[in-house]
Structures are given as structure tokens and as C-alpha cells.
Amino acid sequence: ATHYIMEGNGGVTTVTKDEAKDLEFSSNKTSLTNEELSHSKTQPISGKYRSLIISKYVSMDIAGFNHYNPDFDRQIALTGTFELRLPADKMDRFNSLKNQILEESMQLLLEPVNTSNK
């Protein structure tokens, strides 16, 4: 209650569960321009894809990938699905290499973590 009062009728730390879902949904929206939207393609994907592997195979820097697909790694880990958006030429490349991309993503996931400090 004190926290609610100090924030002036609530804030992000005092939202209800439904309000939190709305905040999460709105924060994941892309801020793409009309030109970026018109020159891109979307496609639903499922699997254990990793953003770094996708961006490597489609020759796209990770910042650009994240611009088109905010919160990709978290969402794909939580739900196993994602509405992937890429520039049209990058989506064509993704589709031609998606088996290799998924295989390398899985290998990365299965690699043991090296915790030694040698």
C-alpha cells in the first residue's frame, strides 16, 4: 500500500496480472517504419531457434534482427513459437537454410557450459 501511494496511484510495480500482460504485450511491439514493414515478410516458426544463429545465417547483425523481432529468444523459449519477421530477401535465405539453422541452434543449446576458470 505504501509503495502504491509513493508512486502516485500505482505504477509498474503495483499493476494487476492483467495489466502486466498488457504492458508486456505493448513492450514487445516493433517500431518498424512503414517501409520496413512493406519490405519484410513474416512467418510462424516453432522450435529451439536462437537469434544469434539465425542472424549469422541470414547475414544480418543481431541489432537489426532484434529490431525486427524484439524479445525473440525469450518468447521462443517460453512458448516454442514465434512470428518471425525479416526483410524479404533475408526470409528467403532463412527458408532455404532453416534446417541448418535449427540444427546449429540445437547444438548450441546442448553444448556443456564450461564452468572452470583455467
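Which backbone oxygen lies 3.0 Å from a polar atom of the side chain of Ser55? I opened my notes with this question, and I record that the model is a predicted one.

**Entry 1. Ser55**

I found that the oxygen belongs to the backbone of Leu52. I placed Ser55 in helix H4. I looked up its accessibility and noted a relative accessible area of 4%, so Ser55 is buried. Leaving aside neighbours within four places in sequence, I listed Met60, Asp61, Ile62 and Phe65 as the residues in contact with Ser55.

**Entry 2. The chain as a whole**

I then stepped back to the overall layout. I counted seven helices and two strands in the protein chain. Reading along the sequence, I wrote down the pattern α-α-α-β-α-α-α-β-α. The chain has 118 residues, of which 28% count as buried. I noted an accessible surface of about 8,200 Å² for the protein chain, with 54% of it belonging to carbon and sulfur atoms. I also looked at contacts between residues at least 6 apart in sequence, and 66% of these join residues at least 24 apart.

**Entry 3. The nonpolar core**

Which residues touch the most other members of the largest nonpolar core? I found that this core holds 19 residues, and that Ile45, Ile54, Phe72, Leu84, Phe94 and Ile101 have the most contacts with other members. I listed the elements that give two or more residues to the core: helix H4 (51–57), helix H5 (62–68), helix H6 (72–79), strand E2 (81–87) and helix H7 (88–110). Of these, H7 gives the most, with four residues.

Not counting residues up to four places away in sequence, Ile54 touches Tyr49, Phe65, Phe72, Phe94 and Ile101.

**Entry 4. The aromatic rings**

I looked for aromatic pairs and recorded three.

I looked up the accessibility of each: Phe72 is buried with a relative accessible area of 1%, and Phe82 counts as buried at 14%. Phe65, Phe72 and Phe82 form one aromatic cluster.

**Entry 5. The salt bridges**

How many salt bridges are there? I recorded four.

I began with Arg50 and Asp73, whose side chains meet in a salt bridge at 4.0 Å, N to O. Arg50 lies in the loop between strand E1 (40–46) and H4, and Asp73 in helix H6, so the pair ties together parts that are 23 residues apart in sequence. Arg50 is partly exposed at 30% relative accessibility, and Asp73 is partly exposed with a relative accessible area of 32%.

I turned next to Lys56 and Glu104, whose side chains meet in a salt bridge at 2.5 Å, N to O. This pair links distant parts of the chain, with Lys56 in helix H4 and Glu104 in helix H7, 48 residues apart.

Asp71 is partly exposed, with a relative accessible area of 28%, and Arg74 is partly exposed at 36%.

**Entry 6. Met91**

Is Met91 buried or exposed? I found Met91 in helix H7, and I noted it as buried, with a relative accessible area of 1%. Met91 and Lys41 are 50 residues apart in sequence, yet their C-alpha atoms are 6.5 Å apart in space. Leaving aside neighbours within four places in sequence, I listed Lys41, Thr42, Gln43, Leu84, Arg85 and Leu86 as the residues in contact with Met91.

How values were computed:
Residues numbered from 1 in each chain as written. Predicted model: local features only at pLDDT ≥ 70, side-chain atom pairs only at ≥ 80, totals over all residues. Heavy atoms only, no water. Core = buried A, V, L, I, M, F, W, Y, C linked by side-chain atoms within 4.5 Å. Buried < 20%, exposed > 50% of the residue type's maximum accessible area, 1.4 Å probe, protein only. Contact = heavy atoms within 4.5 Å. Phe/Tyr/Trp six-rings, centres within 6.5 Å; stacked < 30°, edge-to-face > 60°. Polar contact = N/O pair within 3.5 Å; in protein donor to acceptor, adjacent residues only side chain to side chain. Areas by Shrake-Rupley, 256 points an atom, 1.4 Å probe, with all protein chains shown as cover.
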